[in-house]
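User: Can you walk me through this one? I'd like to go over a few helices and some single residues.

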Amino acid sequence: MNAADFINNLATNAGLADSNEVKTLLADAKLATIQIPDTVANQIQSSHLTLESAKANPQLINHFREAHLSRADKTLLETLAELEADDTVISEIKGIKSTYDKIPAALKKIAELKSKQASAQAQGATGKAAEYEKQVVALNDQIAALNKNFLKEKQDLANQFEGEKKSWILNQMLLGYDYAGEQPKEVTAKLAAILLEDKLRVNGWQTKTENNGLSLLTNEGTKVFENNKELTLKALTDKI
């Protein structure tokens with residue numbers, strides 16, 4: 001692969017295929033004379049992920065799943081110990097590999113306790129029934145807490161990913177401008193981002209990812225209009 005094709009592939013993956021600077025760079029005929037070994041080119045390209053390929057990467061998916069679900073596993077086992085569950089129950093739950101399977105297993109334990117409670121009540125063992133009832137309530141509370149924590153961590157991760165995606169799209173858009181002055185474009189683009197954020201804050205506006213781009217919205221989620229004409233994020237950055 002020659003250097004021109006290699007740079008073009010990387011630029012395309014980075015969303016810079018239409019950049020005038022990239023086109024000017026690729027127009028240099030000398031790049032076509034420089035050959036890059038396929039082993040080197042393939043290794044570099046396969047080691048860089050786009051936003052979409054990262055979301056589908058099994059290693060990344062497993063990493064984040066393990067990081068978030070291991071805490072749920074630990075909390076579940078600690079709570080079972082606090083409830084003075086016997087070693088057999090704890091070993092059984094601990095031996096289940098998937099967190100998604102641990103929760104149904106815990107629910108089945110609750111069902112078993114309810115069955116024992118009903119049997120104890122039928123036999124008039126009120127003291128034992130009260131003990132089972134206490135365990136049922138505690139396990140129900142634990143399941144509810146686990147579900148709540150899992151949903152919160154899932155939403156936090158989604159919000160983090162959404163924020164990183166918005167930052168990446170905005171950065172690519174700001175890098176596409178020609179700025180005055182002698183500062184590197186990356187530095188000036190950061191200043192432009194600060195000015196844009198201040199403009200959004202003052203006006204009570206926000207951005208939202210939409211069709212691999214960013215839309216400009218009010219805090220109520222409606223489109224922004226100026227003089228009865230929709231104001232897009234691109235138009236706003238042009239003005240700033």
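This is a predicted model: local features need pLDDT of at least 70, side-chain atom pairs count only at pLDDT 80 or more; totals for chains, interfaces and linings use all residues.

User: Start with α5 and α6. At what angle do their axes cross?

Analyst: Helix α5 covers residues 58-82 and helix α6 covers residues 87-94; their axes cross at roughly 170° and come within 10 Å. Angles over 145 degrees count as roughly antiparallel, and α5 and α6 are therefore roughly antiparallel to each other.

User: Which residues make the contact?

Analyst: From α5, Leu-76, Leu-77, Leu-80 and Ala-81 take part, and from α6, Ile-90, Ile-93 and Lys-94.

User: Moving on to α9. How many residues does it have, and how far does it reach?

Analyst: Helix α9, residues 185-203, has 19 residues. From its first C-alpha to its last it reaches 27 Å, close to the 27 Å expected at 1.5 Å a residue.

User: Which of its residues are buried?

Analyst: In α9 the buried residues are Lys-185, Thr-188, Ala-189, Ala-192, Leu-196 and Leu-200. They cover an arc of only 120° around the axis, so they sit on the same side of α9.

User: And what is exposed on the other side?

Analyst: There, Lys-190, Ile-194, Glu-197, Arg-201 and Val-202 of α9 are exposed.

User: What follows α9?

Analyst: Gly-204 follows α9, and its phi is positive, near 70°.

User: How far apart are Gly-176 and Leu-60?

Analyst: In sequence they are 116 residues apart, and in space Gly-176 and Leu-60 are 30 Å apart, C-alpha to C-alpha.

User: Now Phe-6. Where is its place, and is it buried or exposed?

Analyst: Phe-6 is in helix α1, residues 3-13. Its relative accessibility is 10%, and buried means under 20%, so Phe-6 counts as buried.

User: What is Phe-6 in contact with, leaving aside its neighbours within four places in sequence?

Analyst: With those neighbours left aside, Phe-6 is in contact with Met-1, Ile-36, Ala-41, Ile-44 and Gln-45. Gln-45 is 39 residues from Phe-6 along the chain, and their C-alpha atoms are separated by 8.7 Å.

User: Next, Ser-215. Where is it found?

Analyst: Ser-215 is in strand β2, residues 213-218. Ser-215 is buried, with a relative accessible area of 14%. Leaving aside neighbours within four places in sequence, Ser-215 is in contact with Gln-206, Thr-207, Lys-208 and Glu-210.

User: Last topic, the loop between β3 and β4. Where does phi of Asn-228 lie, positive or negative?

Analyst: Phi of Asn-228 is positive, near 65°, in a residue other than glycine. Asn-227 also isn't a glycine and has a positive phi of about 55°. Most residues other than glycine have a negative phi. Asn-227 is in the loop between β3 (225-226) and β4 (229-230), and Asn-228 lies in the loop between β3 and β4.

User: Are those two buried or exposed?

Analyst: Asn-227 counts as exposed at 79% relative accessibility, and Asn-228 counts as exposed at 77%.

Note on methods. Residues are numbered from 1 along each chain as its sequence is written. Side-chain values use heavy atoms; hydrogens and water are left out. Axes are lines fitted to C-alpha atoms, for helices over the stretch in contact, and angles run from 0 to 180 degrees between N-to-C directions. Helices (H or I, at least four residues) and strands (E, at least two) are DSSP runs, numbered from the N terminus. Angles under 35 degrees count as roughly parallel, over 145 as roughly antiparallel, 65 to 115 as roughly perpendicular and the rest as oblique. Contact means heavy atoms within 4.5 Å. The expected span of a helix is 1.5 Å times one less than its number of residues. Buried means under 20% relative accessible area, exposed over 50%, partly exposed in between (1.4 Å probe, protein chains only). The arc is that of the directions from the helix axis to the C-beta atoms.
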